[in-house]
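I opened the notebook to record what I looked up, one topic at a time. The structure comes first, then the entries.

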Amino acid sequence: MSRTINMHVVHCSVSLYGNKDLIWKLHTGWGDEIFQPWDVKGFGWSDIGYHNVICNEFPTRESFDNKTPMLTHVGLLERGRPYDQKGAHAIEVNANSIGTCLIGDRQFHCNQLLRLYTLHKELEVQFGPLKLVGHYEVTESSKTCPNINMNWLQGWFEGYQIPQPVGRELRHARSTS
Ligand SMILES: [Zn+2]
C-alpha cells in the first residue's frame, strides 16, 4: 500500500436506485444510460470514484421503474476502485481516505447501515484506526452528503455490538427442559 489511510468517508448516491455498475457508468461516461436525478451521461473519469458501494433494494433502473424491489440486494457491498488507488469522492481527503457510497437519499435501510458498520470494522483490521466521517464534514462546499446526521451514526456505531450467535444455546436450552 503506497498511501496512508486514516479516514473512511461516507457518501450517498442521492438517487433512489443504483449499484456499482451504474455509478461506474456515471463516473466514466461508458454507457448510454442517463442516470437520474442528475440527467447526465457521465463525468469521463478513468474509473468509479468510490471504493465501495452499498446497495438498497433497487440495484437497477428497471427494478425501480417497475417497482420490483430486489430484497437480496439490500445491504449488498460492491467493490469499486481498489484501496491502493486514491479515490475520487472528496477532493480534500481523497489521498488519505476510503470512500463508500450508500445507494439512496435520506432514508437508508438498517442492513445498509449494518454493512457499513461491518465494513468499517474490516477496514480498521486492514488499515488501523480510521476516522468515520460524512462527506459534508470534510468539505468546504455546501454539500450535505451523505444526508445522514453523522453525530447520530457515529454514536450508534460506538454503542453497537454485533449480536452473538444463540443457536447452540437455544438447542441446549430445549434439550434440558
Ligand atoms: Zn459525497
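Entry 1, helix H1. I began with what covers the buried residues of H1, and the cover includes E2, E3 and E4. I noted the terms at once. Helices (H or I, at least four residues) and strands (E, at least two) are DSSP runs, numbered from the N terminus. A residue is buried if 20 or more other C-beta atoms lie within 10 Å of its own, exposed if 12 or fewer, and partly exposed in between, with C-beta atoms placed from the backbone. The model is predicted, so I kept its limits in mind: local features need pLDDT of at least 70 and side-chain atom pairs count only at pLDDT 80 or more, while totals for chains, interfaces and linings use all residues. Residues are numbered from 1 along each chain as its sequence is written.

H1 runs over residues 20–28, and its buried residues are Lys-20, Leu-22, Ile-23, Trp-24, Leu-26 and His-27. Asp-21 also lies in H1, but it counts as partly exposed because it has 15 C-beta neighbours inside 10 Å. I looked up one distance for Asp-21: its C-alpha atom is separated by 9.1 Å from that of Pro-59, 38 residues apart along the chain. After H1 comes Gly-29, with a positive phi near 85°.

I found 5 helices and 5 strands. Along the sequence the pattern reads β-α-β-α-β-β-α-β-α-α. The protein has 177 residues, of which 32% count as buried. I then looked at contacts, where two residues are in contact if their C-beta atoms, placed from the backbone, lie within 7 Å. Among contacts between residues at least 6 apart in sequence, 67% join residues at least 24 apart.

In which order do the strands of the open sheet stand? I read E3-E2-E4-E1-E5, 5 strands with mixed pairing. E3 and E5 (131–134) are at the edges with a single partner strand each, so one side of each has no neighbour in the sheet. On average, neighbouring strands of this sheet are turned by 25° against each other, direction ignored. For that angle, axes are lines fitted to C-alpha atoms, for helices over the stretch in contact, and angles run from 0 to 180 degrees between N-to-C directions. Two strands pair if DSSP finds at least two bridges between them.

I went through three of the pairs. E1 and E4 are parallel, over 6 bridges. E1 and E5 are parallel and joined by 4 bridges. E2 and E4 are parallel too, with 3 bridges. His-8 stands opposite Ile-98 in E4, and its bridge partner in E5 is Leu-132. Val-53 has Cys-101 in E4 as its bridge partner.

How many residues of E4 are buried? I found 6 of 6. I picked Leu-77, which lies in E3. Leu-77 has 16 C-beta neighbours inside 10 Å and therefore counts as partly exposed. Leaving aside neighbours within four places in sequence, Leu-77 is in contact with Asn-52, Ile-54, Arg-115 and Leu-119. Cys-55 is 22 residues from Leu-77 in sequence and 6.6 Å from it in space, C-alpha to C-alpha.

I checked the length of H3 (residues 110–127). The expected span of a helix is 1.5 Å times one less than its number of residues. The 18 residues of H3 should span 26 Å, and the end C-alpha atoms are 25 Å apart, which agrees.

Which residues of H3 are buried? They are Gln-112, Arg-115, Leu-116 and Leu-123. Seen down the axis of H3, the buried residues fall within an arc of 105°, so they line one face of the helix. The arc is that of the directions from the helix axis to the C-beta atoms. On the other side of H3, Cys-110, Thr-118 and Val-125 are exposed. The cover over the buried residues of H3 includes E1 (7–12), E2 (52–54), E3 (77–79) and E4 (97–102). Just after H3, Gly-128 takes a positive phi of about 90°.

Val-14 lies in the loop between E1 and H1. Its phi is positive, about 70°, although Val-14 is not a glycine. Val-14 is partly exposed, because 18 other C-beta atoms lie within 10 Å.

In the loop between E5 and H4 (150–159) I looked up Pro-146. A cis peptide bond joins Cys-145 and Pro-146, with omega about 10°. Asn-147 lies in the loop between E5 and H4 as well, and its phi is positive, near 60°, in a residue other than glycine.
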